[in-house]
Amino acid sequence: MKLTFWGATRQVTGSMYLLELDDEFKILIDCGRNMGREVDYTQPVTNKAFFPFEASQVNLVLLTHAHIDHSGNIPMLYREGYEGQVLCTSATADLTSLLLYDAANLNLKKVKQAEGDSKKKKKKMDRLLIKGDLYLQKDVEDAMTNFVTLQFHRRFRVADNAWVTFIPAGHLLGAAHIIVEVQENGEMKSICFSGDIGRKDYPLHIDPSTEIPEVDYLLCETTYGGRLHEDKKTPEDALAEIIQRTCIDIPGRLIIPAFSIGRTQALLYTLNRLYSEKGFTPIKVFSDSPLAYASTKVYQKNIKQLNKEARDFQEENDSLFDFENLQYIQSEKSSKAISNYAEPCIIISASGMISGGRVEQHIAANINNVYCTILLVGYSSEGTLGWRLMNGQKSLKIKDVEYPVLANVEKIDIFSGHGDQTDLLNFVKKQSPKKLKKVFLIHGEEESMNTFKALLEDEGYSDIEIPEMGQEYIL
């Protein structure tokens, strides 16, 4: 077998790995978008292929979970000739559909904007294939019709000599570690693709599975490979303390940039518990993301896949997410009108890294407000507005306007869906250092990977690789 790393190498996003069996059966594990890749949409179309491999030669796609840095380029795969299936869990299929259609709508806006710019410059442009990097709704439809769902813990044969098993990862609703077993020359070889590893006791999500079998090769994500989660409080206590300071002790406004899928649901559920169980003073809460509203319905639909605490809460309260003073915002007009709301309030809006989305307008409208607090609740890639705020930048440029940062900026990591260094180490330690032939560190910043590699070596793991983009390994 040959394994080639085509994404999330020495960086956090863009997960994509090509496994080629000895009979030339090709399996692509994840097909994620590189969130740091900037495209100039005003440039002419090129004929260069989008992928560094022939998409039509891939036989099967396995998807660990729905997040766009793992699923976001699947429509492009079909556009370039892929005709096979995408295997994932049922919840992952539902959430991926929402994310990809949302991305297609955003792409259409980019196309129309670039088309308008080109007309002003009297240049001709292909509306559908600007630089060949944008997919639209029809591409998503073509992809989603080929999704096939599998249950957790069910070994499924995908080829004459290959089997896959999905194991709960706890990172997101439906998220999985994927075990691939291949019989080659009379010998059974096994590989575990970690996907993103969740953390114990996270709101809503089940804990990562402890039933990871021993394998020959392990791909382990390292998003938090170099650090530990700082917050030791419960999500309810951490959020209650901040709301008390920012919206009750003073009549302020709390803006929480949050990913529409996973993070927003954890926040809404925690607020619901504060109001229903702790007697917390109800404050107006705006959930400003149509995608978050749609994905919240998916969470409510999949109650059985959530943790016991959430299931018990549902049984006692009839709803995980609906509570007094919560308002879901749908239209952009209503979103802009939030700025006129004069009372203390909480605004939860996407994107979590403040890299596009409605949250940018809320930040721009409130960045000069000393009674506003911006609460960062998760990881932000280097260069994003969230990263700039997290690192204490004194001014922000939003849509070509420079704003001094007068609002208060706080951060907590209790709502991060990624396991920290200890969680990652516990994941790897399910493998025997004597049996495990090689560990590949992926999906992390290079410094984080090097720190985690040293930690693993101290634990007796000797063959650890940090692949570069395009690097191949014979297994």
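**Ground rules.** I number residues from 1 along each chain as its sequence is written, and side-chain values use heavy atoms, with hydrogens and water left out. Because the model is predicted, local features need pLDDT of at least 70 and side-chain atom pairs count only at pLDDT 80 or more, while totals for chains, interfaces and linings use all residues.

**Entry 1, the N-terminal strands.** I took helices (H or I, at least four residues) and strands (E, at least two) as DSSP runs, numbered from the N terminus. Strand 1 (residues 2-5) and strand 2 (residues 17-20) run antiparallel, joined by four bridges, and F5 has Y17 as its bridge partner in strand 2; two strands pair if DSSP finds at least two bridges between them. Strand 2 is also joined by four bridges to strand 3 (residues 26-29), again antiparallel, and these two form a hairpin with five residues between them, where E24 in the turn has a positive phi of about 75 degrees. I then looked up the side chains of strand 2: Y17 and L19 point one way, L18 and E20 the other, and all are buried (under 20% relative accessible area, with exposed over 50% and partly exposed in between, 1.4 Å probe, protein chains only).

I traced an open, mixed sheet in the order 7-8-9-10-11-20-21, with strand 7 (156-159) and strand 21 (464-465) at its edges. Within this sheet, strand 11 (residues 217-221) and strand 20 (residues 438-442) run parallel and share five bridges; L218 has V439 as its bridge partner in strand 20.

I found helix 12 (residues 421-428) packed against helix 13 (residues 446-458) at an angle of about 45 degrees, with their axes 11 Å apart; axes are lines fitted to C-alpha atoms, for helices over the stretch in contact, and angles run from 0 to 180 degrees between N-to-C directions. The two helices are therefore oblique to each other (angles under 35 degrees count as roughly parallel, over 145 as roughly antiparallel, 65 to 115 as roughly perpendicular and the rest as oblique). Q421, L424, L425 and V428 of helix 12 meet T451, F452, L455 and L456 of helix 13, where contact means heavy atoms within 4.5 Å.

D413 is buried, with a relative accessible area of 11%. Leaving aside neighbours within four places in sequence, D413 is in contact with R199, L228, H229, E230 and D231.
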